[in-house]
Amino acid sequence: MHIPDGILPLGLTLGGFAAAAGMTAICLNRIEAQPDPRAGLPRASLMTAVFFAASLVHIPVPPTSVHLLLCGLMGAMLGWYAMPAILIGLLFQAVMFGHGGLTTLGVNGVILGLPALAAFGLCRALQGATHPAAAAFASFVAGAGAVLLAVALFAVILLAGLPGHLDASAERAAILALALAHLPLALAEGLVVAAVLGFLRRTSPEMICVR
Amino acid sequence: MPSPSAKATAPKLATTGLVAMWLLAAGPAAGHGAFVDVTETRAVAIDARYDTDEPMAKAQVTVFAPDDPAKPWRVGQTDTAGRFVFMPDDRAGRWAIQVRQAGHGAMGYVDVGAAAGMTLTSSATAGLAPMQRLLMVACVAWGCIGTALYFRRATRATVA
C-alpha cells in the first residue's frame, strides 16, 4: 500500500499533498484543543515506531506477499494523533527503505491516514458498547475495515492515474490480485485490533483514545 | 509405322522440353534460401524484483529515451522471472526504465555513451542486508522511544 515515486501523475501527487495537509491541519487543531496536547505524544511516538517497523513484516499470501498496515490499530490507539504519526512513519519508510516515495508521501498519507481516522471514529462512536462481545466485534470491524478502506483507496487512486501507454487490463488484473491478497491481512489485523483493545479495556482503559 | 507407345512419348517429350525452357528462363530460385547476419550489439537486461526477492513476473516495462523523457520509447512486459531485455538505439545519454505492477515499481537508469559503453544505476534501495535493515529499524525505534521518554518526563515535571 505504498505508492512509489514516478507512478502517479503530477496532478494526483499534488492533490495528495493538499489532502494530507488538510487532514493533518484538522488533526493538529483537534489535538491542540485537548486539555493537554502533549499527553498523547509519548504514545504517538511509540506507535510511530511500531508502524514504521510493521512495513517490514511480510506475510506470504501466494502467489504474492503483503505487509502489515496497522492503520486501524493506529487510529484506535492514537485518535487524532494518528495522521501525523502515520506521515512521520511513512517519511522514514520512504527515506530508509524505499517503501513508498517522497513525492507520493501525501497520497500514501491519505491512503493510510483516512482509514485510521475512520477506525478512530468507529471506536469513538461505539465506546458505549458495554457487552464485551459487541466491543470486540466493533474493534474487529475497525481493524479489518481500515485495511479494506486503504486497499480501496489505493486501487482507486492507481486506476485514476493509470497512464495511457500501459496495458490497462493487465494492470487492473494485477491490482485486483493484490487487493484479494489483502483479504487475509484484513482478517488478521481485525483480530489484532480486537485483541489489543480487548486487553486494554481490561487493564488500562485510558490507553484507548476516544477523544 | 510408329508404335502406339512412341506416339504417346512424343507429346511428353515436348511438354518436358517446354517446362525445362521455362525453368531456365525463370532465373535462380528465390524464397527458400535463408541468410543470417550476425552482428554484435549492446543490450540492456533488466532483472526486476521486489524487496522480498520475489521476481516481478509479467510486470509492465516502459523505456524512455534520453531526448524525450515524457514519451515512452518502448513498452513491454517482463517474463515470469522478472527479466526484460531491450536494445537502445544510437542516442547517447541517460535512458530511463520504469517497471511497475499493481502500483509497485521502481525506476532504473542506464547511461549509454557514444563510445564508453553503459553505466547502470538503480533507484531502488534493494540490497540491504538483514542486519542493516535491523540496525536501521533499531535506530528509528530508539529515536521514537527517546522522544516518548522526553515528553513523558516533561509532562511529569509539569504535573509536579
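1. Let me begin with a term: helices (H or I, at least four residues) and strands (E, at least two) are DSSP runs, numbered from the N terminus. Counted this way, chain B has two helices and seven strands. Read from the N terminus, their order is α-β-β-β-β-β-β-β-α. Please keep in mind that this is a predicted model.

2. The chain has 160 residues, and 24% of them are buried. If you take the contacts in chain B between residues at least 6 apart in sequence, 44% of these join residues at least 24 apart.

3. Next, have a look at where the two chains meet. How many residues of each chain take part? On one side there are 30 residues of chain B, and they are in contact with 38 residues of chain A. About 2900 Å² is buried between the two chains, and carbon and sulfur atoms give 63% of that area. Within chain B, the residues that lose the most area to chain A are Gln60(B), Arg100(B) and Ala102(B), which together account for 22% of what that side buries.

4. Which elements of chain B supply the side that touches chain A? At least two residues each come from β2 (60-64), β3 (72-77), β5 (93-101), β6 (104-112) and α2 (130-159) of chain B. The largest share belongs to α2(B), with 13 residues. Sorted by class, this side of chain B has 13 nonpolar, twelve polar and five charged residues.

5. Is it enclosed or open? Five of the five residues of β2(B) are buried, so the strand is largely enclosed by the rest of the structure. Both of its faces are covered: on one side Gln60(B), Thr62(B) and Phe64(B) are buried, and on the other so are Val61(B) and Val63(B).

6. With β3(B), the strand pairs in the antiparallel sense over five bridges. With β5(B), β2(B) is again joined by five bridges and the two run antiparallel.

7. Two residues of chain B are worth checking for their backbone angles. Lys58(B) has a phi near 60°, a positive value in a residue other than glycine. This residue lies in the loop between β1 (44-47) and β2 of chain B, and at 45% relative accessibility Lys58(B) counts as partly exposed. Ala102(B) also has a positive phi, of about 50°, although it is not a glycine. Its place is the loop between β5 and β6 of chain B. Buried or exposed? With a relative accessibility of 5%, Ala102(B) counts as buried, because the cut-off for that class is under 20%.

8. Turning to chain A, there is a hairpin to find. Strand β1 (residues 58-61) and strand β2 (residues 64-67) of chain A pair in the antiparallel sense over four bridges. The hairpin joins β1(A) to β2(A) through two residues. In this pairing, His58(A) stands opposite His67(A).

9. Finally, here are two helix residues of chain A to visit. Thr24(A) sits in helix α1 (residues 10-32) and is buried, with a relative accessible area of 14%. Leaving aside neighbours within four places in sequence, Thr24(A) is in contact with Met83(A) and Leu87(A). Cys123(A) lies in helix α5 (residues 105-125) and is buried too, with a relative accessible area of 11%. Beyond its neighbours within four places in sequence, Cys123(A) is in contact with Ala76(A), Ala142(A) and Leu197(A). The C-alpha atoms of Cys123(A) and Met77(A) are separated by 9.5 Å, although these residues are 46 residues apart along the chain.

Note on methods:
Residues are numbered from 1 along each chain as its sequence is written. Chains are lettered from A and ligands numbered from 1 in the order in which they are written. This is a predicted model: local features need pLDDT of at least 70, side-chain atom pairs count only at pLDDT 80 or more; totals for chains, interfaces and linings use all residues. Side-chain values use heavy atoms; hydrogens and water are left out. Contact means heavy atoms within 4.5 Å. Buried area is the accessible area (1.4 Å probe) that two parts lose on being put together, summed over both. Ala, Val, Leu, Ile, Met, Phe, Trp, Tyr, Cys and Pro count as nonpolar, Asp, Glu, Lys and Arg as charged, and the others, Gly among them, as polar. Buried means under 20% relative accessible area, exposed over 50%, partly exposed in between (1.4 Å probe, protein chains only). Two strands pair if DSSP finds at least two bridges between them.
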